[in-house]
Amino acid sequence: MPGRHVSRVRALYKRVLQLHRVLPPDLKSLGDQYVKDEFRRHKTVGSDEAQRFLQEWEVYATVLSQQANENRQNSAGKACFGTFLPEEKLNDFRDEQIGQLQELMQEATKPNRQFSISESTKPKF
């Protein structure tokens with residue numbers, strides 16, 4: 001991304017990762033990795049694409065912040081994160097982005113064994 005966006009990018013990157021702290025551990029892990037990959041992937045894009053990239057991530061950060069506040073106020077209910085993706089927005093995606101979205105969906109919906117607890121077997125002497 002062009003030099004003038006560097007401080008804005010860093011601040012946004014840091015804000016998103018801080019906001020992810022409110023997510024359940026499996027979503028936080030997935031989200032953090034996705035953010036790191038996306039920001040790395042967009043390091044060298046042109047000014048127009050950088051501007052769109054930053055705008056979309058700023059919207060994401062705002063929505064996540066609002067949802068985190070709502071979840072804190074509604075401590076009796078189950079935490080809810082995410083938002084509906086309208087079809088007209090999907091139509092604007094490139095094939096590569098659709099592929100990334102499908103990979104993200106598959107990763108997010110597969111059974112997560114990373115956090116399962118298994119009984120450890122200790123060597124007997």
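Colleague: Is Glu56 buried, partly exposed or exposed, and what is its relative accessible area?

Modeller: The model is a predicted one. Buried residues have under 20% relative accessible area and exposed residues over 50%, with partly exposed in between. Glu56 falls in the class between these limits, so it is partly exposed, with a relative accessible area of 44%.

Colleague: Which residue forms a salt bridge with Glu56?

Modeller: The closest N and O atoms of this pair are 3.4 Å apart. The pair links distant parts of the chain, 33 residues apart, with Glu56 in helix H3 and its partner in helix H4.

Colleague: How many salt bridges does a search of the whole structure find?

Modeller: The search of the whole structure finds five.

Colleague: Is Glu38 buried or exposed, and at what relative accessibility?

Modeller: Arg41 counts as partly exposed, at 40% relative accessibility. The cut-off for buried is under 20%, and Glu38 therefore counts as buried, at 7%.

Colleague: Which residues does Gln100 touch, not counting residues up to four places away in sequence?

Modeller: Gln100 lies in helix H5. This residue counts as buried, at 15% relative accessibility. Beyond residues up to four places away in sequence, Gln100 touches Glu38 and Arg41.

Colleague: What is the relative accessible area of His20?

Modeller: His20 is found in the loop between H1 and H2. Leaving aside neighbours within four places in sequence, His20 is in contact with Lys28, Gly31, Asp32, Val35, Tyr60 and Leu64. His20 is buried, and its relative accessible area is 1%.

Colleague: How far apart are the C-alpha atoms of Tyr60 and Gly82?

Modeller: Tyr60 has its place in helix H3 and is partly exposed, with a relative accessible area of 32%. Not counting residues up to four places away in sequence, Tyr60 touches Val16 and His20. Gly82 is 22 residues from Tyr60 along the chain, and their C-alpha atoms are separated by 9.3 Å.

Colleague: What is the volume of the largest pocket?

Modeller: The volume of the largest pocket is about 1800 Å³. Of the 41 residues that line this pocket, Tyr34, Tyr60, Phe93, Leu101 and Leu104 are the closest to its centre. The lining residues divide into 22 nonpolar, 10 polar and nine charged.

Colleague: Which element gives the most to the lining of the largest pocket?

Modeller: Helix H2 (25-41), helix H3 (47-73), helix H4 (87-90) and helix H5 (95-109) are the elements that give two or more residues to its lining. With 11 residues, the element that gives the most is H3.

Colleague: Which residues in the largest nonpolar core touch the most other members?

Modeller: The core has 13 residues. The elements that give two or more residues to this core are helix H1 (6-19), H2 and H3. Phe39 touches Val9, Leu12, Tyr13, Phe53 and Trp57, not counting residues up to four places away in sequence. The residues that touch the most other members are Leu12, Val16, Val35, Phe39 and Trp57.

Colleague: What pattern does the chain follow when read along the sequence?

Modeller: The chain has 125 residues, and buried residues make up 21% of them. Among contacts with a separation of 6 or more, 62% are between residues 24 or more positions apart. There are five helices and zero strands in the chain. Read along the sequence, the pattern is α-α-α-α-α.

Definitions and conventions. Residues are numbered from 1 along each chain as its sequence is written. This is a predicted model: local features need pLDDT of at least 70, side-chain atom pairs count only at pLDDT 80 or more; totals for chains, interfaces and linings use all residues. Side-chain values use heavy atoms; hydrogens and water are left out. On a 1 Å grid over the protein atoms alone, a cavity is a set of points where a 1.4 Å probe fits but cannot get out, and a pocket is an open set with protein on both sides within 12 Å along at least five of seven lines; lining residues have an atom within 4 Å of a point. Grid points are joined across faces, edges and corners, and a volume is the space filled by probe spheres set on the points. Helices (H or I, at least four residues) and strands (E, at least two) are DSSP runs, numbered from the N terminus. Ala, Val, Leu, Ile, Met, Phe, Trp, Tyr, Cys and Pro count as nonpolar, Asp, Glu, Lys and Arg as charged, and the others, Gly among them, as polar. A nonpolar core is a set of buried Ala, Val, Leu, Ile, Met, Phe, Trp, Tyr and Cys residues joined through side-chain atoms within 4.5 Å. Buried means under 20% relative accessible area, exposed over 50%, partly exposed in between (1.4 Å probe, protein chains only). Contact means heavy atoms within 4.5 Å. A salt bridge is a side-chain nitrogen of Lys or Arg within 4 Å of a carboxyl oxygen of Asp or Glu.
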